Amino acid sequence: MTAALITAIPDPQVAFEDLYQVPPVENITDTPDEIRHKQARVRQLAQQRNAILLAHHYQRPEVQEVADIVADSLKLSQAAAKTNSDVIVMCGVHFMAETASILCPSKTVLLPDVKAGCSLAASISVESLRAWKAKFPDAVVVSYINTSAAVKAESDYCCTSANAAKIVSSIPADRPILFAPDKFLASVVARQLKRSNIIAYPGYCHVHKTIEPEQVVELLDQHPDAELLLHPECGCVSSCMAKAADGSLPADRTFFLSTEGMLRHIAQSTAAEFAIGTELGILHQLRSKFPDKTFYPVNPNAVCAFMKTITLDKVIRALQTMSPQVRVPEETARRARVAIDRMLELS
Ligand code: SF4
């Protein structure tokens, strides 16, 4: 089976773990009444500011509940692109706020905590990308949406886990592709499309990397009727694709899906149990939307501290003070918009 070629980090002296700092996860002790009160305050302020609240599936449950839209990166960027609101409150991480700013330069974009970074986005800098491109001058650059605006500005196409295969398949088969920065997603796309000229940057998400094949096998042993839904960023995807191909995992019950893809899949599946391989925040959506089905996390410790920096208190403060704001410089935004628009047109 075809797999992406993984190339070395341009600067081998730098470990990815040195490129970001994982913030502590704040323990919220609010009572249900206090949460309802804060949520009401958020809605009141959002109305006063003519603000839309966009929340990613990995946000805290109480933040998801108060948002106008809860979705994956693709749907959040589509929602940002078409909103009539004056203010976008991004309950997600920094690259998502940047994407909203790129798509809506005239709007105010608030990110309630600037510590909401992303280990995957941090794994590639614009300098690293330029150095990598210089080695492959004929290649087309496809960057995952989990990248900085500056990296998107150096890219030909943007993609998300929901549309990566579609974007790559739109590129002529004889053109080599530099796929950055997620090596696991690159490997899924290469295998799905049976394409051997995808060159993967060796980056990864520190949360999804911890979702391992042994955990998958153990969970499916305990729940043999469960369907297995894995996010393509997971550290186990290559191994699980190989296991599904050789029969050691049930191929007809193993799926590689974005978070939005998981929701769609479960809605039409007759299965009653699901093993879920992604960040734990998605379980709130799944359990609310499908109360008759049972969900088991493959790794119960897969928590993204960056996503959890956003709290109701910080959303309230952001709407009160209209800060922190995220704004991408005009020239970077103009160039990054080309890659994002190409993705949105193909999605
Ligand atoms: S889960 Fe991983 S890829 Fe998603 S925001 Fe957190 S660090 Fe980034």
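Which residue just after α1 takes a positive phi? I looked this up in a predicted model. The residue is Asn50, with phi at about 50°. Asn50 is not a glycine, and I find it in the loop between α1 and β2 (51-56). I noted the value because most residues other than glycine have a negative phi.

**Helix α1.** Helix α1 covers residues 32-49, 18 residues in total, and at 1.5 Å a residue it should span 26 Å.

**α1 against α14.** Next I looked at how α1 packs with helix α14 (residues 312-321). I read an angle of about 25° between them, with the axes 9 Å apart. Angles under 35 degrees count as roughly parallel, so α1 is roughly parallel to α14. I recorded the crossing of α1 and α14 as left-handed. On the α1 side I listed Ile35, Lys38, Gln39, Arg41, Val42, Leu45, Ala46 and Arg49. On the α14 side the contact is made by Leu312, Asp313, Val315, Ile316, Leu319 and Gln320. Sorted by type, the residues of this contact are 8 nonpolar, 2 polar and 4 charged.

**Open sheet.** I then followed a sheet of 4 strands. It is open, its order is β11-β10-β12-β13, and the pairing is parallel. β11 (254-256) and β13 (294-297) are the edge strands; each has a single partner strand, so one side of each has no neighbour in the sheet. From one strand to the next the twist averages 25°.

I took a closer look at one pair. Strand β12 (residues 273-277) pairs with β13 in the parallel sense, over 4 bridges. Phe274 has Phe295 in β13 as its bridge partner.

Which helix lies across β10, β12 and β13? I found helix α10 (residues 213-222) there, running at about 170° to β12. β10 itself covers 227-230.

**Cis peptide bonds.** Most peptide bonds are trans, so I noted the exceptions I came across. Ala180 and Pro181 are joined by a cis peptide bond, with omega about -10°. Pro181 sits in the loop between β8 (177-180) and α9 (183-193). The bond from Ser323 to Pro324 is also cis, and omega is near -5°. I placed Pro324 in the loop between α14 and α15 (330-346). α14 is the helix that packs with α1.

Terms used: Residues numbered from 1 in each chain as written. Predicted model: local features only at pLDDT ≥ 70, side-chain atom pairs only at ≥ 80, totals over all residues. Pairing = 2+ DSSP bridges. Helix = DSSP H or I, 4+ residues; strand = E, 2+ residues; numbered from the N terminus. Axes fitted to C-alpha atoms, helices over the stretch in contact; angles between N-to-C directions. Contact = placed C-beta atoms within 7 Å. Expected span 1.5 Å × (residues − 1). Parallel < 35°, antiparallel > 145°, perpendicular 65-115°, else oblique. Left-handed = near helix turned anticlockwise from the far one by under 90°. Nonpolar A, V, L, I, M, F, W, Y, C, P; charged D, E, K, R; others polar.
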